[in-house]
Amino acid sequence: MFLILVCVVGMAAGQQLPHGAELKQLVDAGFSRLDHGPQDGTVTENEWDVLITYDDLNNDSCVSLTEYEHAHLTMPTTMATTMFHHFDHDADGCLKVSDMSAEFHLVDHNGDNHVSLHEWDQYFTHLITKLFGHGAGHGNSGPVGR
């Protein structure tokens with residue numbers, strides 16, 4: 001599914017994690033992908049969850065690792081696998097709306113049912129660093145928020 005960080009992690013294909021202004025620009029691009037109905041500077045849970053339908057190629061309400069990798073072809077396989085497992089909250093090998101809902105509520109730090117760009121930037125910049133360290137494949141110390 002989503003996800004979200006396809007832009008950020010896809011740019012890390014050279015095994016170098018973007019940082020500083022480049023990382024912020026890539027994280028912001030992911031936010032723009034979700035802020036679509038309407039584009040109002042916040043992402044609602046409905047906007048967030050709709051991305052499952054885009055990545056679910058066989059329409060079984062489950063995005064498998066294979067479907068996730070297909071949706072994120074610019075992402076190296078090892079990174080796609082790491083991201084997939086992070087988003088698969090119940091570890092059943094299937095990204096569902098419930099998994100995405102759980103992630104949404106982790107990102108929605110203030111609990112107002114809207115993810116602002118600020119919340120997005122903080123969470124995903126930290127997540128990428130947590131999952132991939134200062135360079136892809138380094139410092140994988142586990143998922144953020146769980």
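Which side chains does a polar contact of 2.6 Å join? They are those of E103 and H89, where a polar contact is a pair of N or O atoms within 3.5 Å; within protein, one must be able to donate a hydrogen and the other to accept it, and residues adjacent in sequence count only if both atoms are side-chain atoms.

Before I go on, this is a predicted model, in which local features need pLDDT of at least 70 and side-chain atom pairs count only at pLDDT 80 or more, while totals for chains, interfaces and linings use all residues. Residues are numbered from 1 along each chain as its sequence is written, and side-chain values use heavy atoms, with hydrogens and water left out.

Let me stay with E103, which is found in helix α7; helices (H or I, at least four residues) and strands (E, at least two) are DSSP runs, numbered from the N terminus. E103 has 0% relative accessibility and so counts as buried, a word that stands for under 20% relative accessible area, with exposed over 50% and partly exposed in between (1.4 Å probe, protein chains only). Leaving aside neighbours within four places in sequence, E103 is in contact (heavy atoms within 4.5 Å) with W48, H86, F87, H89 and Y123.

Rings of Phe, Tyr and Trp (its six-membered ring) pair if their centres lie within 6.5 Å, and planes under 30 degrees apart count as stacked, over 60 as edge-to-face and the rest as tilted. For W48 and F104 the centres are 5.5 Å apart and the planes stand at 80 degrees, so this pair is edge-to-face. The pair links distant parts of the chain, with W48 in helix α3 (residues 45-49) and F104 in helix α7, 56 residues apart. W48 is buried at a relative accessible area of 0%, and F104 also counts as buried at 0%. In a second pair, the rings of Y68 and F84 have centres 5.8 Å apart and planes at 65 degrees, so this one too is edge-to-face. Here Y68 in helix α5 and F84 in helix α6 are 16 residues apart, and both are buried. Ring pairs also link F31, W48, F104, W120, Y123 and F124 into a cluster.

Turning to the nonpolar core, by which I mean a set of buried Ala, Val, Leu, Ile, Met, Phe, Trp, Tyr and Cys residues joined through side-chain atoms within 4.5 Å, the largest one has 28 residues, and W48, Y68, M83, L95, W120 and F124 touch the most other members. Helices α2 (20-34), α4, α6, α7 and α8 each supply at least two residues of this core, and α8 gives the most, with 7 residues.

Helix α8 covers residues 117-132, and its 16 residues reach 22 Å from first C-alpha to last, close to the 22 Å expected at 1.5 Å a residue, the expected span being 1.5 Å times one less than the number of residues. Its buried residues include W120, Y123 and F124, and also E119 and D121. After α8 comes G133, with a positive phi near 65 degrees.

Finally, the structure holds 1 disulfide, a pair of cysteine sulfur atoms within 2.5 Å, and this one joins C62 to C94 with an S to S distance of 2.1 Å. C62 lies in the loop between α4 (51-55) and α5 (65-71) and C94 in the loop between α6 (77-87) and α7 (97-107), so the pair ties together parts that are 32 residues apart in sequence. Both cysteines are buried, C62 with a relative accessible area of 14% and C94 with 9%.
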